Amino acid sequence: MKASLDQVITRLREANRALVVGHIRPDGDAIGSVAALTLILRKLGIAAEGCIPDHIPWFYREIQGTRIIRSVAELRGKGFDTAVVLDASDISRIGEAAQLLPGREPDVVLDHHVTNTGFGALNLCLPNYAATAMIVHEIGKRLVPYDRELAEVILLGIATDTGFFKYATVDDRTFAVAAELARHGARIQPIASAVLEHRTPKTIRLLVDMFRTLRLEAGGKLAYAYVSAEMLRRAGCGEEETEGFVGEIRALHGVEVAILFTEWPEGEVHVSLRSKAYVDVSRIARALGGGGHPRAAGCTLHVPRLRDAIARVVEAARVALLE
Ligand code: AMP
Ligand code: MN
Ligand code: MN
């Protein structure tokens with residue numbers, strides 16, 4: 001059911017033991033939002049646990065507040081009376097954390113994806129918010145006093161989902177909230193350092209390998225590249241180490257649509273889609289079983305060969321560019 005902020009707040013206050021869940025292949029918004037809402041609920045005296053149902057890239061742990069987040073295994077058997085899902089557009093995005101829910105559906109879903117399916121008993125999806133962390137802040141500021149730890153995980157969510165304040169989703173409100181968070185002690189420098197400056201020699205080598213696969217089409221408007229399972233093995237990298245790579249493809253001058261294909265594990269290809277100015281990549285992703293935002297979306301394809309995934313998605317992107 002579509003819910004208002006007030007309804008969500010009333011429901012959250014009724015919780016005794018709350019589970020706060022983010023999505024698989026977590027990004028800074030999922031991680032920051034889960035940490036933030038968990039901290040807020042604990043400040044209210046609610047026994048809250050934050051959960052990310054997947055591996056968390058190591059560099060996020062440099063932000064203090066993210067360390068309260070637990071895995072699904074650590075929370076099994078805990079028993080919750082309330083489940084809140086954050087930054088996920090459909091239930092499949094919470095992976096194995098679905099097993100921890102007290103009911104069949106989450107009690108509350110807070111999200112900002114245009115592709116949100118409305119899968120919560122109370123569903124608050126605000127696509128004009130640059131980050132789910134901004135919605136969490138709307139709740140937090142009404143309920144609890146802020147400290148640096150809380151302000152900083154909210155800033156982590158906003159900073160990462162706006163590409164550090166450079167996407168078209170950024171408006172005066174985004175800067176106003178960032179200023180509020182800075183007044184509470186949040187620092188952008190450690191966040192930028194953790195998220196943007198974590199490359200290692202082996203991830204640089206992987207990035208070079210990726211750029212060797214770069215293809216340009218449609219007069220340079222479409223750019224795509226891949227990272228195969230074999231390339232990951234050769235570089236000794238985990239799949240999460242491709243974080244930020246698709247942004248490097250979009251950074252090419254004149255590119256409108258950038259696509260990165262990551263084959264991991266074998267038989268599965270994660271597709272990251274980005275656009276710059278006018279192509280709605282969430283439509284491409286949704287048509288392929290995924291979702292996302294107009295300028296950043298993704299999907300996962302189960303295909304025997306990487307090149308099958310590439311052929312399908314590149315064709316869809318060509319069509320979208322012609323529309
Ligand atoms: P990514 O390319 O993985 O960084 O994802 C970009 C955006 O698309 C994020 O907002 C994700 O939440 C969303 N997204 C990625 N993969 C999927 C998927 N398989 N299903 C739904 N949304 C996705
Ligand atoms: Mn996210
Ligand atoms: Mn988000």
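1. Aspartate 161 has 17% relative accessibility in this predicted model. Aspartate 161 therefore counts as buried, since the cut-off for that class is under 20%. Aspartate 29, at 0% relative accessibility, counts as buried too.

2. Both aspartates are donors to the manganese ion (ligand 3). The protein donors of this ion are Asp29 (OD), Asp87 (OD), His112 (NE2) and Asp161 (OD), and they lie 2.1 to 2.2 Å from it. Along the sequence, the spacing of the donor residues reads D-x57-D-x24-H-x48-D.

3. Distant parts of the chain are linked by the pair aspartate 29 and aspartate 161, which are 132 residues apart. Aspartate 29 sits in helix α2 (residues 28-43), and aspartate 161 belongs to helix α5 (residues 148-161).

4. Which residue bridges the manganese ion (ligand 3) and the manganese ion (ligand 2)? Aspartate 87 does so, and the two ions lie 3.7 Å apart.

5. The second largest pocket has a volume of about 220 Å³. Its lining consists of Tyr278, Val279, Asp280, Arg283, Ile284, Ala287, Leu288, Ala316, Val319, Ala320, Leu321 and Glu323.

6. Two helices, α11 (281-287) and α12 (306-322), each supply at least two residues of that lining. The largest share, four residues, comes from α12.

7. By residue class, the lining of the second largest pocket has nine nonpolar residues, three charged ones and no polar ones. Among the residues listed for this lining are Asp280, Arg283 and Glu323, which fall in the charged class because Asp, Glu and Arg count as charged.

Conventions:
Residues are numbered from 1 along each chain as its sequence is written. Chains are lettered from A and ligands numbered from 1 in the order in which they are written. This is a predicted model: local features need pLDDT of at least 70, side-chain atom pairs count only at pLDDT 80 or more; totals for chains, interfaces and linings use all residues. Side-chain values use heavy atoms; hydrogens and water are left out. On a 1 Å grid over the protein atoms alone, a cavity is a set of points where a 1.4 Å probe fits but cannot get out, and a pocket is an open set with protein on both sides within 12 Å along at least five of seven lines; lining residues have an atom within 4 Å of a point. Grid points are joined across faces, edges and corners, and a volume is the space filled by probe spheres set on the points. Donors are N, O and S atoms within 2.8 Å of the metal (3.2 Å for Na, K and Ca); water is not among the atoms, so sites may look incomplete. Buried means under 20% relative accessible area, exposed over 50%, partly exposed in between (1.4 Å probe, protein chains only).
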